[in-house]
Amino acid sequence: MGEPEDGAKPKRVVFVTVGTTCFDVLVKVVDSQEVKDELLRRGYTHLLIQMGRGSYVPTKSTGDDGSLDVDYFTFSSSIADHLRSASLVISHAGSGSIFETLQLGKPLIVVVNEDLMDNHQSELAEELADRKHLYCARPQILHQTIAGMDLKSLLPYSPGDATPVAKLINRFLGFPED
Amino acid sequence: MEKCNGVCFTNLSSNHPITCFMAFTTIMLFRVLYVIYRTGMPLGKRATPQSFSTLIVLGSGGHTAEMINLLLVLQKDRFTPRFYIAAATDNMSLQKALVLDNSFAASSGFKGISAEFMQIYRSREVGQSYVTSVWTTLVAIAHAFWLMIKIRPQVVLCNGPGTCIPLCVIAFFFKVAGIRWSSIFYVESIARVKRLSLSGLLLYKLRIADQFFVQWPQLQRKYPRAHYVGCLM
């Protein structure tokens, strides 16, 4: 039920982003048969990879034979449109990418780049995963995370608020309370 | 008698520079202690509204996004003129700041110039050798000093990038030297949940920041002088 007359599956896009970084490990693992098969099994039809400064180039595929439609690009000035049209986002652990995705209300799997020195990025990803706003996965087990994820169990993220900071700054400088 | 006087006079003249130096050092020490004591004390309530010249330090990516979120909720007429500084190799941040500040001017109908945008040399690029970094750090500090002398801000807003350290240290020096008393506000990045960044650690431990804000409760427990303000993003 819910499928169009001609039997084609509704388009469900998985958008992968590495931001401005180089994260070949993630791009490679997403392009692996294991992960692509799992995504197909979970009902996704398209895989779009924003590969950033990486050197590993994914293999494009049109998905005519029932396989996943795979496409990629390096950068774009704004990924907001890609995020908006995605049904699932798989992202590196940069705070910009994470919050842009959460604020659009999209389901998110964050993959931490273990090759980065002083990996403070994992703190944020783990904290938000603990609070059930996203899934956190290591590249090697990404396919398992995709297989086992229950996106309905994710809690929506309420946007942050900078007014407490502004209040304290104003009070410190001696401005009257508004 | 004369000999004694001569000898005495020679002793005094050779001690004079030393006593001067020691007097100067003692004065500076007391001045530094006074500045540390006054740092973090709110300024008095102002009867008449005032505006503060504000230095805004931008960093790449997430830092700039968080700073923009903060600027959106500050009354622009209280923080003017505004000076935006970003690292020389960071092109996107100044662009975003320009767009943001133009939107402030447009919405308030203000026609004059209330913002300036500057770039500062980086102390060290990613992967740069530590030997050459010594020189580039000195150049960065000299450049920061030059910019700060021109700006002499009354308020400094920063949120983590390494570029803010020379600027904040110089602001502290200006307080000690009586060149300009500035209020330094530091917001630790939202990506810092359990540990402070190096910039944050320095500004907290050395008590350079007047107010230190953290976005996660774990950090407030670890660093009690910090204010927990929740997530900005």
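**Figure 1. The right-handed β-α-β unit of β4(B), α5(B) and β5(B) in a predicted model.** Strand β4(B), helix α5(B) and strand β5(B) make a right-handed β-α-β unit. Right-handed means that, with the strands pointing away from the viewer, the path from the first strand over the helix to the second runs clockwise. Helices (H or I, at least four residues) and strands (E, at least two) are DSSP runs, numbered from the N terminus. The model is predicted, and local features need pLDDT of at least 70, side-chain atom pairs count only at pLDDT 80 or more, while totals for chains, interfaces and linings use all residues. Residues are numbered from 1 along each chain as its sequence is written, chains are lettered from A and ligands numbered from 1 in the order in which they are written, and side-chain values use heavy atoms, with hydrogens and water left out. Strand β4 (residues 155–158) and strand β5 (residues 183–187) of chain B pair in the parallel sense over 4 bridges; two strands pair if DSSP finds at least two bridges between them. B:Val155 has B:Ser183 as its bridge partner in β5(B), and B:Val156 stands opposite B:Ile184. Helix α5 (residues 164–177) of chain B packs on the sheet, where it touches β1 (54–57), β2 (82–87), β3, β4 and β5 of chain B. Contact here means heavy atoms within 4.5 Å. The direction of α5(B) makes about 155° with that of β5(B); axes are lines fitted to C-alpha atoms, for helices over the stretch in contact, and angles run from 0 to 180 degrees between N-to-C directions.

Figure 2. In β5(B), 5 of the 5 residues are buried, so the strand is largely enclosed by the rest of the structure. Buried means under 20% relative accessible area, exposed over 50%, and partly exposed in between (1.4 Å probe, protein chains only). In a regular strand the side chains alternate between the two faces of the sheet. On one side of β5(B) are B:Ser183, B:Phe185 and B:Val187, on the other B:Ile184 and B:Tyr186, and all are buried. Strands β5(B) and β6(B) run parallel and are joined by 3 bridges, with B:Tyr186 opposite B:Phe212. From β5(B) the chain crosses through α6(B) to β6(B), and this β-α-β crossover is right-handed. Helix α6 (residues 198–205) of chain B lies across β4, β5 and β6 (211–214) of chain B and runs at about 140° to β5(B).

**Figure 3. The sheet of chain B and its edges.** The open sheet has 7 strands in the order β3-β2-β1-β4-β5-β6-β7, with parallel pairing. At the edges stand β3 (115–120) and β7 (227–228) of chain B; each has a single partner strand, so one side of each is left without a neighbour in the sheet.

Figure 4. Rings of Phe, Tyr and Trp (its six-membered ring) pair if their centres lie within 6.5 Å; planes under 30 degrees apart count as stacked, over 60 as edge-to-face and the rest as tilted. B:Phe145 and B:Phe173 form a tilted pair, 6.2 Å centre to centre with 50° between the planes. This pair links distant parts of the chain, with B:Phe145 in helix α4 (residues 130–151) and B:Phe173 in helix α5 of chain B, 28 residues apart. B:Phe145 is partly exposed at a relative accessible area of 33%, and B:Phe173 is partly exposed at 38%. One aromatic cluster is formed by B:Tyr186, B:Tyr204, B:Phe212 and B:Tyr223. The charged end of B:Arg225 sits over the ring of B:Tyr204, 4.1 Å from its centre. The charged end of B:Lys175 sits over the ring of B:Trp181, 5.0 Å from its centre. A charge sits over a ring if NZ of Lys or CZ of Arg is within 6 Å of the ring centre and within 35 degrees of the ring normal.

**Figure 5. Strand β4(A) and its partners.** Strand β4 (residues 88–92) of chain A is mostly covered, with 5 of its 5 residues buried. A:Leu88, A:Ile90 and A:His92 point one way, A:Val89 and A:Ser91 the other way. Strand β1 (residues 13–17) of chain A runs parallel to β4(A) and is joined to it by 4 bridges, and A:Val16 has A:Ile90 as its bridge partner. Another 4 bridges join β4(A) to the parallel strand β5 (residues 108–111) of chain A, where A:Val89 stands opposite A:Leu108. β4(A), helix α4 (residues 95–103) of chain A and β5(A) make a right-handed β-α-β unit.
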